Amino acid sequence: MSNAENVLSPEYKEALKTLLFQLADDDFLLSFRGSEWLGLAPHIEEDVASSSISQDTMGHAAMYYKLLEDLGEGNADALAHARPAEERKNSVLAERVNGEGYYLETPEYDWAYAVVRNFFYAQAKKVKIDSLRTSSYQPLAETAVKVSMELYYHLMHWKLWFTQLLSSTDEAKRRMNNAIELVMKDFGDIFSYGNAKDAIEKEGLIAKEEELKANWTERMKPVFESLGMEVPAIPAASEKNGRNGEHTEDLTEALTTLSEVYRLDPAAAW
Amino acid sequence: MTNLALAATEEEKMERFMEKIEKGIKIEADDWMPEEYRTTLIKLISMHGMSEIMGALPEKEWVPKAPSLHRKLGIMAKVQDEMGHGQLLLRVAEDLLKPYGKTRGDLMQDLFTGKLKFHNVFHAETRTWGDAGLIGWLVDGAAIITQTDMLNASYGPYARALHRICAEEVFHAQHGEAIIMALAEGTDEQRAMIQDALNRWWNSLLVFFGPAAKETLGTSKQDVTIKYKIRTKTNEQLRQDFFTKYVPRILSLGLELPDKTMHYNEEKEVWVYQEPDWSELKAVARNEGARSQARLNLRRTSYQTNAWVRDALAATIS
Amino acid sequence: MSEKTFYQEYEVFSKRTPSSGFQHQFSLLAPNEDMAMIMAQENFMRREPVADIWVVNRKHIRGMNEEEKLTLNRLDNKEYRTAKGYGYLKKKWRKYEQQMLDEKEIMSWGGKKK
């Protein structure tokens with residue numbers, strides 16, 4: 001990769017790195033939230049199944065961090081564990097807690113929120129990955145082809161949970177609709193490139209924000225139609241734009257937990 | 001359905017059953033079996049299954065905190081396997097429970113009321129990342145010793161579940177060794193971490209295999225399980241096997257045995273060790289271990305918080 | 001317990017490669033076949049290649065009871081059904097200076113020009 005690195009213009013490289021941090025941090029934070037769910041899902045068989053999705057997702061994050069490492073950004077583990085909240089580029093949706101309560105104490109996690117967040121996120125990821133397959137940065141395009149392979153299962157899995165819960169009891173429907181509202185409130189920065197919008201879109205790294213949003217809505221339509229519902233509109237912007245390092249307290253707490261052991265001795269081999 | 005065989009008396013059935021056991025022919029879920037065999041299996045397998053489900057929790061505490069991407073992925077996969085082992089074993093127990101009309105939900109309730117126990121090692125505290133490594137290395141090591149002893153269990157569904165489980169335990173053992181090895185070869189602080197973990201876990205590891213003889217605690221299921229060829233070795237034989245496999249490894253990493261008196265008696269070919277404190281077993285049987293209530297609370301909270309999901313699924317039966 | 005449950009038992013089968021047959025794996029609890037399907041692979045085949053999966057509700061499986069299993073026993077006197085009963089041909093063919101077309105030979109013909 002050092003070869004490719006040499007020929008990249010500084011502007012291109014900057015835009016590329018920003019995009020890679022967005023992709024990596026999204027998958028990393030969401031899979032961290034998934035790892036908090038481990039052992040606590042509503043059904044044992046589902047616990048096992050959904051943990052595979054969290055592992056896949058963290059594996060994808062590791063691939064993006066590795067691309068950054070290859071670009072000279074430093075060690076992948078340090079990128080995942082040591083960066084402070086204000087440097088993180090993930091969407092706010094990915095950092096949100098799973099529900100009330102710390103995972104070690106009395107977590108009252110919300111499965112409806114997990115289903116909606118994961119389904120909407122997986123569809124957004126699919127739309128992005130489809131575009132990244134033709135990215136101007138070849139190593140990213142190759143990564144996208146690999147990631148894409150595992151998304152079929154993620155989508156099938158969460159879509160089924162989404163449609164079945166919305167076709168069941170009144171209580172489930174109520175909870176699911178609340179979750180949809182919560183998730184959509186944070187959906188404004190999912191397709192945002194933040195302040196790097198022009199730079200990223202100009203370089204042919206990935207499709208334009210508007211195009212991805214339209215694709216997401218298009219793909220969601222048949223699912224919502226089958227439930228007699230309408231696809232919720234993606235907000236133009238959210239209160240905080242994670243792509244610009246604007247985050248909630250949830251992220252700070254997540255980083256404290258996920259780096260607790262790493263920080264004991266960042267130089268040590270673990 | 002026509003009756004091809006003449007109705008057999010209970011004694012004939014029992015005779016045929018014991019003949020199968022002696023010949024090594026597996027017993028299957030819908031075969032006739034004596035009540036004692038069924039209840040022994042239910043007790044053994046539901047406790048084994050629930051121990052996996054509860055045993056996922058102590059390590060899970062370190063899943064989100066694991067110190068690198070690779071370790072986060074490895075421990076996630078490992079804890080996922082524990083849940084998976086729980087799934088396999090509970091399925092086996094659930095099929096045995098059919099004549100009593102009990103389901104997984106009832107087993108969960110039995111866990112919450114304290115009627116159904118889980119293994120002593122999963123009541124303990126996991127204080128540091130060293131504990132996460134030690135569980136993978138030695139607790140799983142101990143579990144591998146007891147589980148491989150039952151790979152040829154007379155009850156077919158249990159034997160098949162154990163074959164799946166033991167195949168995955170190979171990964172678990174290596175996962176644990178990898179964490180321990182990194183710490184053993186690391187800084188002074190890292191080495192201290194595993195020595196400290198070993199010191200705290202030693203008693204539980206010895207207690208894990210159960211008392212050598214009935215007299216120690218007044219009860220022991222080992223005789224019945226051996227009679228029905230569910231297992232082959234006694235508690236003490238298994239504990240000795242554990243020492244033989246692991247004591248040299250512990251010492252080779254430069255760790256100290258918490259039991260200073262421990263040695264191998266060449267003549268008698270046995271490990272001589274200090275009796276563990278058996279009161280630990282009595283305490284955990286009452287769910288009064290260091291983390292018994294906290295972990296039960298965690299399991300109960302998540303089970304109750306998710307009750308609406310199970311209700312919703314009941315409405316999607318087709 | 002009066003708790004309403006969704007538990008139905010599904011037996012899971014899978015093929016390791018496109019050309020292999022289905023093999024029984026294990027069973028799981030699910031409310032319907034779609035849910036059983038999305039849980040099957042990750043529960044039982046996380047570490048091995050899979051080419052296809054079947055899930056079957058146990059209530060649709062007609063099994064044998066213990067008495068019916070007695071119909072499976074038979075005498076060991078049916079060599080006429082197997083190649084074993086015709087082994088003497090080997091010697092006979094040798095007399096005609098021909099090799100016997102045994103199982104190994106015949107099974108090796110697949111897809112090859114004779």
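Predicted model: local features only at pLDDT ≥ 70, side-chain atom pairs only at ≥ 80, totals over all residues.
Local features here require pLDDT of at least 70 and side-chain atom pairs count only at pLDDT 80 or more, whereas totals for chains, interfaces and linings use all residues. Residues are numbered from 1 along each chain as its sequence is written, and chains are lettered from A and ligands numbered from 1 in the order in which they are written.

I begin with chain B. Chain B contains 13 helices and 2 strands; helices (H or I, at least four residues) and strands (E, at least two) are DSSP runs, numbered from the N terminus. Its radius of gyration is 21 Å, close to the 20 Å that the globule rule gives for 318 residues, so chain B is as compact as a globular protein of that length. That radius is taken over C-alpha atoms, and the rule is 2.2 Å times the number of residues to the power 0.38. Along the principal axes, the C-alpha atoms of chain B fill a box of roughly 75 × 60 × 35 Å. Of the 318 residues, 44% count as buried, that is, with 20 or more other C-beta atoms within 10 Å of their own, these atoms being placed from the backbone.

Next, the contact with chain A. Here 42 residues of chain B are in contact with 45 residues of chain A, a contact being two C-beta atoms, placed from the backbone, within 7 Å. On the chain B side, H3(B) gives the most, with 13 residues. The residues of that side divide into 20 nonpolar, 14 polar and 8 charged. In this division Ala, Val, Leu, Ile, Met, Phe, Trp, Tyr, Cys and Pro count as nonpolar, Asp, Glu, Lys and Arg as charged, and the others, Gly among them, as polar.

I turn to the core. Which residues have the most contacts inside the largest nonpolar core? They are A:Val115 and A:Val116, in a core of 170 residues. Such a core is a set of buried Ala, Val, Leu, Ile, Met, Phe, Trp, Tyr and Cys residues joined through C-beta atoms within 7 Å. Leaving out residues up to four places away in sequence, A:Val115 touches A:Trp158, A:Trp161, A:Phe162 and A:Leu165.

Finally, chain C. Its strand E1 (residues 8–15) pairs with strand E2 (residues 23–30) in the antiparallel sense over 7 bridges, where pairing requires at least two DSSP bridges. In this pair C:Glu9 stands opposite C:Leu29. E1(C) also pairs with strand E3 (residues 52–57), antiparallel over 6 bridges, with C:Tyr10 opposite C:Asn57.

Key: Buried ≥ 20, exposed ≤ 12 C-beta atoms within 10 Å, placed from the backbone.
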